[in-house]
Amino acid sequence: MTPVLLLAAEKESAEVTDWAARIGWVVGLALFVALVYWLMREGWKWRGTLQGDLPELPTAPDEPGPARLTTTGRYHGSTTAGQWLDRIVARGLGARSRAELTLTDAGLDVVRPGASDFFVPVARLREARLDKGIAGKVLTEGGLLVVTWEHGDRLIDSGFRSDHAAGHREWVDTINAMIEKNTREGAER
């Protein structure tokens, strides 16, 4: 045999793609992803149902007084105090969003475009601290302003990250001083 005929004899045709199997795998994977998404959504709704006893969030008073501190940044969520992974989703507290914080003598006003605003009266503030994580969000050490407050019969930690994180220490000191002053005044009454 000549070398040309040997080459022609050795060549085989390329395998034909099995499109039915490929389409089946893609559809199966899409259904699996849809199922996981649906289960996550149902879990979120179930968590909201379990936390349904959370009272309505307070709103800011008509005259809160002059602003002591203001900042913009991100609201990263709220959790049961001391349990940074136990996210509270009821009353819209689980939705991460942009936030505008204003601290007055009346309390902490949290304005969240696209989400529920809320107000924490100074009498309900319990603590402010710097932390590194809340509700599954982890930042650098001290990169998160966490405010602990009482709502109903629960203590709640709410986490914020300012656009100017260097100002977090001032927020912590000012809030804790307000809490201490309010506690002293309450004891004197």
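Tutor: Let's start with R91, which is partly exposed at a relative accessible area of 34%. This is a predicted model, where local features need pLDDT of at least 70 and side-chain atom pairs count only at pLDDT 80 or more, while totals for chains, interfaces and linings use all residues. Residues are numbered from 1 along each chain as its sequence is written, and side-chain values use heavy atoms, with hydrogens and water left out.

Student: Why is R91 called partly exposed?
Tutor: Buried means under 20% relative accessible area and exposed means over 50%, with partly exposed in between (1.4 Å probe, protein chains only). R91 has 34%, so it falls in the middle class. R91 is found in the loop between strand 1 and strand 2; helices (H or I, at least four residues) and strands (E, at least two) are DSSP runs, numbered from the N terminus.

Student: What is noted about phi of R91?
Tutor: Phi of R91 is near 60 degrees, a positive value in a residue other than glycine.

Student: V89 lies in the loop between strand 1 and strand 2 too. Is V89 buried or exposed?
Tutor: V89 has 10% relative accessibility, which is under the 20% limit, so V89 counts as buried. Not counting residues up to four places away in sequence, V89 touches W44, R47, G48, Q51 and G94; contact means heavy atoms within 4.5 Å.

Student: Now the rings. What makes Y75 and F118 an aromatic pair, and which kind is it?
Tutor: Rings of Phe, Tyr and Trp (its six-membered ring) pair if their centres lie within 6.5 Å; planes under 30 degrees apart count as stacked, over 60 as edge-to-face and the rest as tilted. By this rule the count comes to three aromatic pairs. For Y75 and F118 the centres are 6.0 Å apart and the planes 70 degrees, so the pair passes the distance limit and is edge-to-face. This pair links distant parts of the chain, with Y75 in strand 1 (residues 67-80) and F118 in strand 4 (residues 118-121), 43 residues apart.

Student: Which charged end sits over the ring of Y75?
Tutor: That of R112, 4.4 Å from the ring centre. A charge sits over a ring if NZ of Lys or CZ of Arg is within 6 Å of the ring centre and within 35 degrees of the ring normal. The charged end of R22 sits over the ring of W19 at 5.8 Å from its centre.

Student: What makes a nonpolar core, and which residues touch the most other members?
Tutor: A nonpolar core is a set of buried Ala, Val, Leu, Ile, Met, Phe, Trp, Tyr and Cys residues joined through side-chain atoms within 4.5 Å. The largest one has 27 residues, and L93, L108, F118, L125, F160, W171 and I175 touch the most other members. Helix 3 gives the largest share of this core, five residues. I175 touches L103, L125, A128 and V147, leaving aside residues up to four places away in sequence.

Student: How do you know that strand 1 and strand 9 pair?
Tutor: Two strands pair if DSSP finds at least two bridges between them. Strand 1 and strand 9 have seven, in the antiparallel sense, so they qualify. Strand 8 and strand 9 run antiparallel and are joined by seven bridges, and they form a hairpin with two residues between them, where G152 in the turn has a positive phi of about 65 degrees.

Student: What makes strand 4 and strand 5 edge strands?
Tutor: The open sheet has seven strands in the order 4-3-2-1-9-8-5, with antiparallel pairing. Strand 4 and strand 5 each pair on one side only.
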